[in-house]
Amino acid sequence: MEREPTVQVTDTHPPGHRRHAPPLYGVMAEFENPTDLVAAARRVYAAGYRRINGYSPYPIEELSEAIGFTHTSLPLIVFIGGLIGAVGGFFMQYWMEVIDYPLNVGGKPYNSWPAFIPITFETTVLCAAFAAVLGMLVLNKLPQPYHPVFNVPNFAMATRDRFFLAVEANDPKFDHAEVVALLKSLGALEVNDVEV
Amino acid sequence: MQDEAHKPYTEGPMHTTTPVIDPGLTFASVTDKISSIVLKRKTSLAWFFGFAISFALFQLMLLAITNLLFVGIGVWGVNVPVAWGVDILNFVWWIGIGHAGTLISAILLLLRQRWRTSINRFAEAMTLFAVAQAGMYPIFHLGRPWLMYWLFPYPNTMGIWPQFRSPLMWDVFAVSTYATVSAMFWFVGLIPDFATLRDRARSKPFQILYGMLAMGWRGSARHWHRYEMAYLLLAGLATPLVLSVHTIVSFDFAVGIIPGWHATIFPPYFVAGAIYAGFAMVLLLTIPLRRFYGLEGFITMRHMHNMAKVMLATGLIVGYGYIMEAFFGWYSGNKYERFMIWNRMHGPYSLYYWALILCNIIAPQFLWSKKIRSSLLALWIISFIVSIGMWLERFVIVVTSLHRDYLPSSWGMYQPTQWDWAMFIGTIGFFFTLLFLFIRFLPMISIFEMRTILPEAEVED
């Protein structure tokens, strides 16, 4: 590679001159509509690929089914959150009003549990809601400022009117040429390599 | 929910006459139209004008609060026997308005009412901003607002704990939980739209701002799946929450032994009143807004009809509540209860009572007519009247019950002062300040949810 006499701010390793091929995240195909995307996802899944993912501007239930992703433990997390809120909320009041600082109010029993129910309910909902939001973010590994798929040209359209399907390079069956050929045969508008 | 959510909204005879959204919309046009309000459209003079007025009134609120903190609670008209004046009234009024937002976003989601999609974002914002106003009143009513953190159970050097048998403590937990959960629900709903704005923004600061808020959302199918589950569960949690909040607000009254407060009808009657007032406010705000931003294709006459019907239905429940209050007053055989209802109708505040009947029971009856439901001006005026009526309702409940209770020697009269009004008008200013900022910087219609109800969103086999 010839050095220019003047300083240039350019890529020192333009694609054609790279010493090592950059690690590949996968191959991404672009589709025009949800029907094509879901059909392609079903075919790719049927071809034996498992590390696949779809990208769409709105939730498509058929898509997550097509890529074989139908289970989430989020309801369990929310249930546990609610349970912690309920038990914690009630016994917080019990401990404060009965054990730590018993105060006789109008002759009512120290453990006047019906009066503790409204706050118990509120803490249940609060903890369950936190579990739902934080659980969703953690399971989705968000916030995640960088992700390889953002390198795909036109990926900004995934939040407008374009649909994408990625076959990831860590799929045991992954073979670059085969995957590209398969995706091209499924009516993709464009097929791109996704660099890490 | 998900099966139905992706079918186009065209079936049925009603839908052909008044479609829920403009049938010509596409993914691209929905995205571009809503995001351009935030990103491309030049901020209009009218926006600046409206914002300036709201912001000026917001300053009035700050002035009123400063005066209150400086001089003391005596600047308000509250005193024994009427220790709860318009400040507690305004608290109930604002929080009631907020409830329509949760109803639209959560309850209508669970009931699969897809027309909610066009208005839920806006209604949720309204909820959040109304709760912000509501929360201030009880705090500044404390007398020593700077000690408000005493309400929370934290280990302290005094070695004591709050009194959890009191509805006022329940209120603290209910309102703070409601504000937190509403904010989370709203933010979660915004995440995919932040990503849309990030990808559409042309200027670096906005790309960074929306990029940070979107948290790297990329529309992955796995993410969507968990997201939909989280959203559905949040809706399921927010539904009983919203009912519990106004129930607990009504307990503030119903657990007391004041005549006219100590009634079992209070929780359902307050919840219905909250939804009634809230839908009135949604109509009051969306009618000018859809016109101004040209959103008639998204918020159609179908929405107006539906909201008017909800208003009529809840108005009738509220009317039933008034009748039951009068009936209980008579049927209880208790002379204090009987006097209370007589005093409401014929006492010194009777004008408020009859104005309330006019605003809340007579005015909404016009909504039986389809012609009136189809007239935006008439709808707007009725909504305005209902908003006033709901304010009067709380005035009647708070003031007429307190000013003449058991002992005639402790009777008194109540008059709000200029500082009461300054605070109320100021919170209206603060509410609109937040609302103007919201419509300028955030998508006021949920973009991704609009995409799901488009005909092209359907996956064909």
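Author: In this predicted model, helices α4 (45-71), α5, α10 (266-292), α15 (376-403) and α16 (418-441) of chain B each contribute at least two residues to the lining of the second largest pocket. That pocket has a volume of about 690 Å³. Its lining consists of 25 residues, and those nearest its centre are B:Leu284, B:Leu285, B:Pro288, B:Phe432 and B:Phe436. Sorted by class, the lining of the second largest pocket holds 22 nonpolar and three polar residues, with no charged residues.

The largest pocket has about 820 Å³ of space. It is lined by 32 residues, with B:Pro138, B:Leu142, B:Leu151, B:Leu168 and B:Val172 closest to the centre. Three helices of chain B, α5 (86-110), α6 (120-140) and α7 (167-200), each supply at least two lining residues of the largest pocket. Of these, α7(B) gives the most, with seven residues. The lining of the largest pocket comprises 25 nonpolar, five polar and two charged residues.

Charged side chains come next. Over all chains, the structure holds 10 salt bridges. One of them pairs B:Arg165 with A:Glu97, at 3.2 Å from N to O. B:Arg165 sits in the loop between α6 and α7 of chain B, and A:Glu97 in helix α3 (residues 74-100) of chain A, so this pair joins two chains. Both B:Arg165 and A:Glu97 are buried.

A:Arg160 takes part in two further pairings. Its side chain meets that of A:Asp161 in a salt bridge of 3.4 Å, N to O, and it meets B:Asp32 in a salt bridge of 2.4 Å, N to O. A:Arg160 has a relative accessibility of 17%, so it counts as buried, while B:Asp32 is partly exposed, with a relative accessible area of 28%. Through shared partners, the salt bridges join A:Arg160, A:Asp161 and B:Asp32 into one network. A:Asp161 is buried.

A:Glu122, by contrast, is buried but has no salt bridge. The nearest side chain of opposite charge is that of B:Arg394, 16 Å away. A:Glu122 is found in helix α4 (residues 113-139) of chain A. Leaving aside neighbours within four places in sequence, A:Glu122 is in contact with B:Phe173, B:Ala174, B:Thr177, B:Leu241, B:Ser244 and B:Ile248.

A buried residue of chain B also has contacts in both chains. B:Phe448, in helix α17 (residues 447-452) of chain B, has a relative accessibility of 2%, so it counts as buried. Not counting residues up to four places away in sequence, B:Phe448 touches A:Pro57, A:Tyr58 and A:Pro59, along with B:Gly189, B:Pro192, B:Asp193, B:Trp224 and B:Tyr227.

For context, chain A has five helices and four strands, in the order β-α-β-α-α-α-β-α-β along the sequence. Of its 196 residues, 43% count as buried. Among the contacts in chain A with a separation of 6 or more, 76% are between residues 24 or more positions apart.

Note on methods. Residues numbered from 1 in each chain as written. Chains lettered and ligands numbered in written order. Predicted model: local features only at pLDDT ≥ 70, side-chain atom pairs only at ≥ 80, totals over all residues. Heavy atoms only, no water. Buried < 20%, exposed > 50% of the residue type's maximum accessible area, 1.4 Å probe, protein only. Lys, Arg positive; Asp, Glu negative; His and termini not counted. Salt bridge = Lys/Arg side-chain N within 4 Å of Asp/Glu carboxyl O. Contact = heavy atoms within 4.5 Å. 1 Å grid on protein atoms, 1.4 Å probe; cavity = no way out; pocket = protein on both sides within 12 Å on 5 of 7 lines; lining within 4 Å. Points joined across faces, edges and corners; volume = space filled by probe spheres on them. Nonpolar A, V, L, I, M, F, W, Y, C, P; charged D, E, K, R; others polar.
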